[in-house]
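This report goes through selected parts of a structure, one topic at a time. Please look at the sequence and the model first.

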Amino acid sequence: MIAAISWRNVWRTRLRSLVIIMAIAIGLTGGVLSVGVFNGLAEQKMRTAIDTQTAHIQIHQKGFTDDYDIHYFLKNPDNILSVIEMDNRIKAYSTRTISELMIRTANGSAGVQLLGINPEAEKSISTIWESVVDGAYFEGIKRNPILISQKTADKLKVRVKSKIILSLLDTDGNAVDAGFRVVGIFKTSSSMFDEATAFVRQEDLQRLTLMEGVNHEIAIKVNDPEEVTPVIADLKSNLSEDLQIESWKEVQPELAYISDMTGQMNFLFLGIILFALAFGILNTMLMAIFERVKEIGVLMAVGMNKMKIFLMIVFETIFLALIGGFIGIIISASLIIWLGNQGINLSVVGEGLAAYGVGQIIYPQLSGAFYLQLILMVFFTALFSSIYPAIKALKLKPIEAIHG
Amino acid sequence: MSIIQLNNVSKIYNPDTIPVYALNKVNLEIEEGEFTAIVGPSGSGKTTLLNMLGGLDLPSEGKILINQTDLQSLSSKQLIDFRLHNIGFVFQDYSLLPVLTAKENVEFIMQLQNRSKSEYEKRAMELLKEVGLGERMHNRPSKLSGGQQQRVAVARALAPKPKFILADEPTANLDSKSTNDLLDIMKKMNKESNITFIFATHDQRVIDKARRVITIDDGAIVKDKINTAIA
Ligand SMILES: Nc1ncnc2c1ncn2[C@@H]1O[C@H](COP(=O)(O)OP(=O)(O)O)[C@@H](O)[C@H]1O
Ligand SMILES: [Mg+2]
């Protein structure tokens with residue numbers, strides 16, 4: 001019956017209870033929405049990076065990624081590919097030849113990492129072909145086509161079909177200048193990536209650097225992102241130790257860091273909101289106890305022990321907070337689901353978001369586990385804010401309380 | 001053997017500033033089955049005495065034995081438990097829990113005693129019928145008159161089967177009819193079930209029905225009289 005008394009006590013001063021319940025609900029809704037947006041941003045950044053840059057898994061010769069020395073190429077690509085082919089958790093792969101070089105035009109120069117790709121295979125692991133905003137994805141220019149970013153095109157003041165010069169070193173260390181023609185211009189949501197990357201056909205780059213058949217990188221996509229770790233483990237055990245086999249998290253540690261940080265920041269953020277709400281709850285409960293001094297005194301007089309009085313107040317606080325918490329979660333979860341489909345158009349701040357590496361439409365998202373954790377947090381907030389009022393109640397002396 | 005025994009009990013409020021001798025060397029014995037009124041003018045020490053008998057406050061000097069238990073020997077936790085099982089309280093302003101129905105108010109105290117559901121439900125209904133509220137047991141106190149609330153309070157006080165009932169000015173807020181109804185009910189319980197009632201009162205209607213009248217003034221018993229005319 002103690003819980004029943006607590007529950008009914010919540011509704012005794014209906015207006016006051018509703019005020020704090022709404023405060024909790026609104027506070028949580030605001031918090032959860034923000035967290036959903038932050039989370040959506042982080043997720044989108046991660047997904048964009050995987051789709052346009054890192055794929056799920058990358059294989060290099062050990063040493064290559066230290067300073068992209070073209071001599072560290074994959075030693076036995078056919079063997080690697082046959083192992084990859086056999087793993088049916090792997091959805092697709094693409095081989096790349098890579099060279100760091102200067103692009104020059106009459107109007108200036110830009111240093112880029114040039115990826116020599118097989119345009120068709122690349123399509124199966126990367127969405128870069130969908131990011132072409134002008135020209136075409138390796139169509140329309142027969143000899144030495146190059147795909148550059150909008151950023152680079154603007155910087156060098158070139159357009160589709162413009163001629164540009166690539167200055168690179170061949171495998172013997174000789175400087176080579178080669179004429180290319182812009183086949184297409186791409187734009188992803190990451191301006192950093194755009195600035196630093198250009199694409200040519202793999203055979204063109206191999207021919208110019210005198211590295212026929214040479215691959216520096218194999219990019220792999222798996223069917224289920226959860227399987228990245230086991231697939232890597234199997235690849236490592238089946239392939240030479242000379243190879244560096246990494247997940248996207250290892251290729252771009254900052255991505256994993258962002259996703260971890262976002263999670264931690266989110267809980268910190270909600271923690272601060274709840275901490276503030278805790279004082280509201282505490283105040284409400286102190287008022288309730290202040291009003292019921294006499295009643296509590298009578299309960300003590302007739303034989304309700306301190307433990308039970310303590311529980312009665314803790315329950316009431318928890319009910320108050322959980323009602324607010326559930327309302328808040330129902331409202332915010334509905335909003336998150338709706339906005340998660342609809343998206344929030346943030347084109348107003350679009351440029352800033354591009355620098356961060358995501359598009360202009362944000363899709364907030366949160367997992368079921370998040371809501372569970374949130375309910376737990378609300379519960380502990382209530383527990384925390386009930387302790388002081390409960391102790392206050394226990395300090396009452398029955399006669400003083402009764403005779404006021 | 002007395003159920004209550006006071007030996008030289010004194011209560012001094014504010015001993016360090018302006019001491020108030022609310023009780024001064026009181027000696028008193030109360031037997032099972034008494035129907036006793038403690039009377040005296042306002043400020044004479046009736047409430048203080050009742051608080052002592054109820055273990056709500058401890059004496060400054062002297063000894064209180066209830067059923068041979070020395071109240072001062074109990075820890076505060078034991079004292080609460082002792083009150084729960086041995087002493088029934090009726091207050092001037094009824095003091096029922098407003099969020100509970102009449103029946104729940106009576107049941108709750110038995111739940112605190114960890115009695116079984118079937119037991120407390122049955123007893124609560126019996127007691128409420130006895131005080132004439134069989135029809136109103138699902139009402140909350142706010143839906144009951146003062147007299148009805150005080151009868152619920154009597155049922156609540158009786159529910160834990162205490163050794164005696166302490167009632168401090170129980171009729172002060174009641175009209176004549178309610179007062180008479182309440183007194184009749186208590187008198188009947190006293191006669192039929194030998195339940196001990198101790199009142200602090202200056203209500204003549206109560207005094208007239210009491211078999212023993214203890215008069216106190218200035219914290220001391222000045223008269224202790226058995227009214228043989230009352231059965
Ligand atoms: N908590 C207290 N502190 C100081 N004095 C008190 C306190 N309670 C009662 N008194 C004093 O003790 C005396 C007896 O009071 P009380 O027992 O309430 O009398 P009654 O119930 O007969 O009116 C009074 O003089 C009163 O002022
Ligand atoms: Mg009094």
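How many bridges join strand β1 of chain B to strand β4 of chain B, and do these strands run parallel or antiparallel? Strand β1 (residues 4–13) and strand β4 (residues 61–66) of chain B are joined by 5 bridges, and the two run antiparallel. The model discussed here is predicted.

## A hairpin in chain B

β4(B) and β5(B) form a hairpin, with 2 residues between the strands. In the turn, Asn67(B) has a positive phi of about 50°.

## The six-stranded sheet of chain B

Chain B also has an open sheet of 6 strands, in the order β6-β7-β8-β3-β9-β10, with mixed pairing. At its edges are β6 (87–90) and β10 (220–226) of chain B, each of which pairs on one side only. From one strand to the next, the twist averages 20°.

## Aromatic pairs and charges over rings

Over all chains, a search of the whole structure finds 17 aromatic pairs. One of them is formed by Phe89(B) and Phe91(B), whose ring centres are 6.0 Å apart; with the planes at 5°, the pair counts as stacked. Phe89(B) is buried at 5% relative accessibility, and Phe91(B) is buried with a relative accessible area of 8%.

In chain A, ring pairs link Trp7(A), Trp11(A), Phe315(A) and Phe319(A) into a cluster. Two lysines of chain A are placed over rings: the charged end of Lys75(A) sits over the ring of Phe73(A), 5.4 Å from its centre, and Lys123(A) lies over the face of Trp129(A), 4.9 Å from the ring centre.

## A covered strand in chain A

Is strand β1 of chain A mostly covered or mostly uncovered? Strand β1 (residues 57–61) of chain A is mostly covered, with 5 of its 5 residues buried. The cover extends to both faces: Ile57(A), Ile59(A) and Gln61(A) are buried on one side, and Gln58(A) and His60(A) on the other.

β1(A) has antiparallel partners in two strands. Strand β9 (residues 217–222) of chain A is joined to β1(A) by 3 bridges and runs antiparallel; in β9(A), Ile218(A) is the bridge partner of Ile59(A). Strand β10 (residues 243–247) of chain A is joined to β1(A) by 5 bridges, again antiparallel, and Ser247(A) in β10(A) stands opposite Ile57(A).

## The helix α13 of chain A

Helix α13 (residues 306–342) of chain A has 37 residues. From its first C-alpha to its last, α13(A) reaches 53 Å, close to the 54 Å expected at 1.5 Å a residue. The helix is followed by Gly343(A), which has a positive phi near 85°.

Pro145(A) is found in strand β5 (residues 145–149) of chain A. Its relative accessibility is 0%, so Pro145(A) counts as buried. Beyond its neighbours within four places in sequence, Pro145(A) is in contact with residues including Phe138(A), Phe180(A), Val183(A) and Asp204(A). Pro145(A) and Asn76(A) are 69 residues apart in sequence, and their C-alpha atoms are 28 Å apart in space.

Ser95(B) is found in the loop between β6 and α3 (102–112) of chain B. Ser95(B) counts as buried because its relative accessibility is 13%. Leaving aside neighbours within four places in sequence, Ser95(B) is in contact with Lys294(A) and Val298(A), and with Arg156(B).

Technical notes
Residues are numbered from 1 along each chain as its sequence is written. Chains are lettered from A and ligands numbered from 1 in the order in which they are written. This is a predicted model: local features need pLDDT of at least 70, side-chain atom pairs count only at pLDDT 80 or more; totals for chains, interfaces and linings use all residues. Side-chain values use heavy atoms; hydrogens and water are left out. Two strands pair if DSSP finds at least two bridges between them. Helices (H or I, at least four residues) and strands (E, at least two) are DSSP runs, numbered from the N terminus. Axes are lines fitted to C-alpha atoms, for helices over the stretch in contact, and angles run from 0 to 180 degrees between N-to-C directions. Rings of Phe, Tyr and Trp (its six-membered ring) pair if their centres lie within 6.5 Å; planes under 30 degrees apart count as stacked, over 60 as edge-to-face and the rest as tilted. Buried means under 20% relative accessible area, exposed over 50%, partly exposed in between (1.4 Å probe, protein chains only). A charge sits over a ring if NZ of Lys or CZ of Arg is within 6 Å of the ring centre and within 35 degrees of the ring normal. The expected span of a helix is 1.5 Å times one less than its number of residues. Contact means heavy atoms within 4.5 Å.
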